[in-house]
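The questions below take up a single protein model and work from its overall make-up to individual residues.

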Amino acid sequence: MTKLVSGFSKLSKNEKIDWLTATYLNGNTTAKNTIKQYWNSNEKLQSLHDDFIENTISNFYLPLGIAPNFDINGTIYTIPMVIEESSVVAAASKAAKFWQTRGGFKAEVVSTEKIGQVHFTYSGTFKDLQAFFNTIKPQILKDSKAITKNMEKRGGGILDIVLVNKTKDLKDYYQLHATFETLDAMGANFINSCLEQFATTLKNEATKLKGNLNVVMSILSNYVPNCIVKASVSCKIEELADKGINAEEFATKFVQAVNIAKVEPYRAVTHNKGIMNGVDAVVLATGNDFRAIEAGVHAYASKNGTYSSLTHAKIENGIFTFWIELPLALGTVGGLTKLHPLVKLALEVLGNPNAKQLMQIVAVAGLAQNFGALRSLTTTGIQEGHMKMHLMNILNQFEATKEEKTIIVEKFKTETVTHSAVVEAINGLRK
Ligand code: MEV
């Protein structure tokens, strides 16, 4: 049977499922039921989700958890987190509680500039192009007014447009490099619309120019090194003492662990992955684009030429300080923020933050996650806590009953969780 299909997007949802199951799943009715059991019985809600993307056949659940007790600049937050990995929400909650009694998290937005570029080629001289750009720049801005006027009314808009000569890197390659302030919007649509308008004006005006000018593309950049938030925690070394942890030893090892991630890319990637456990979970819960955030954050982690840690730690005059610096282009208006009922709710739980406040919350979630991971790694190791959290996944995998779960969870309160030990315990109960 051919697996090629034409006119697929025009099929109804049921027809798409029929085609999929007939082509890949032997027309299996169980497969059909698996797909359909995730449909929401509320038709309006289902249709809303169907329309988020194309060719929707079902919904794919991810757990929404909450991590309470975050003191950020003196306000207490409960942070919604969407993530499939066990231990992450627990680690966030634990770190929140730990720092709540030690001064809380401090966070500040350093800058909020977004970037977009029109990439084009030109066959003439840079001198001619620069003179041409200087004359048409007011026209470019004027032609964009219809797009920018609402944003300008709210205090945002285009910050600047500069011509960049990239011919050292690529023959005939130039850019219009534009900077924007998009306030509480992530700004992708606004920026891309502006850029496409810049490109149109550029092409129209280029008829007056000697040499050929060709626009290649116009698109925002997800690298936003001037849209930065900082978050930190700090306390006296002795205040780090906690349940059998020697404060001095812990602080020293912790700083060493961060310093290792600064100089060793293999470690830095995992270190930053742990940070992104917290960052992505809040970014997803608040309806933001986690791929954009991921791409931008990892580029920022390499800004000095080697991939390095996003967090920093120091001990100075008996004070332990741990901080993060992240580029985060986030929005609290537009996109899914009003559309997705759970996103709307998550934002409400956070007190309907503006974009700057959300940047702070997300950075804190990343810092808390990194604190939790490094605390485990430099003391007990992560497997102890992780396997305890993973226990429920193993029990569910073996379809343990409620009674079986209660007995086994109790048993592993005092024993080491390993996959085989849990399977053995299940089998023992079922004998
Ligand atoms: C696991 O998801 C994240 C960690 O590996 C992060 C780290 O090693 O710092 C625990």
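A polar contact is a pair of N or O atoms within 3.5 Å, and within protein one of the two must be able to donate a hydrogen and the other to accept it. The model discussed here is predicted.

Q: Which backbone oxygen does the side chain of Thr286 reach?
A: Thr286 sits in the loop that runs between helix H9 (265-285) and helix H10 (290-301). A polar contact requires a pair of N or O atoms within 3.5 Å, and the side chain of Thr286 comes to 3.2 Å from a backbone oxygen, that of Val283.

Q: Is Thr286 buried or exposed?
A: Leaving out residues up to four places away in sequence, Thr286 touches Thr337, Val343, Leu347, Leu350 and Leu358. Buried means under 20% relative accessible area. Because the relative accessible area of Thr286 is 0%, this residue is buried.

Q: Which helix gives the largest share of the nonpolar surface patch?
A: The patch is made by Leu64, Leu342, Leu345 and Val349, and covers about 320 Å². Leu342 has its place in helix H11, and with a relative accessible area of 44% Leu342 is partly exposed. The largest share of the patch, three residues, comes from helix H11 (residues 341-349).

Q: Which residues touch the most other members of the largest nonpolar core?
A: In soluble globular proteins, nonpolar side chains tend to be buried together. The largest nonpolar core here holds 66 residues, and the members that touch the most others are Phe70 and Leu328.

Q: What percentage of contacts between residues at least 6 apart in sequence join residues at least 24 apart?
A: The protein contains 15 helices and 10 strands, and its C-alpha trace spans about 85 × 70 × 40 Å along the principal axes. Of the contacts between residues at least 6 apart in sequence, the part that joins residues at least 24 apart is 69%.

Q: What percentage of the residues in the protein are buried?
A: The accessible surface comes to about 22600 Å², and 53% of this belongs to carbon and sulfur atoms. With buried taken as under 20% relative accessible area, the buried part of the 431 residues is 44%.

Conventions. Residues numbered from 1 in each chain as written. Predicted model: local features only at pLDDT ≥ 70, side-chain atom pairs only at ≥ 80, totals over all residues. Heavy atoms only, no water. Patch = residues over 30% accessible without salt bridge, like charges linked within 9 Å, V, L, I, M, F, W, Y side chains within 5 Å. Areas by Shrake-Rupley, 256 points an atom, 1.4 Å probe, with all protein chains shown as cover. Salt bridge = Lys/Arg side-chain N within 4 Å of Asp/Glu carboxyl O. Helix = DSSP H or I, 4+ residues; strand = E, 2+ residues; numbered from the N terminus. Buried < 20%, exposed > 50% of the residue type's maximum accessible area, 1.4 Å probe, protein only. Contact = heavy atoms within 4.5 Å. Core = buried A, V, L, I, M, F, W, Y, C linked by side-chain atoms within 4.5 Å.
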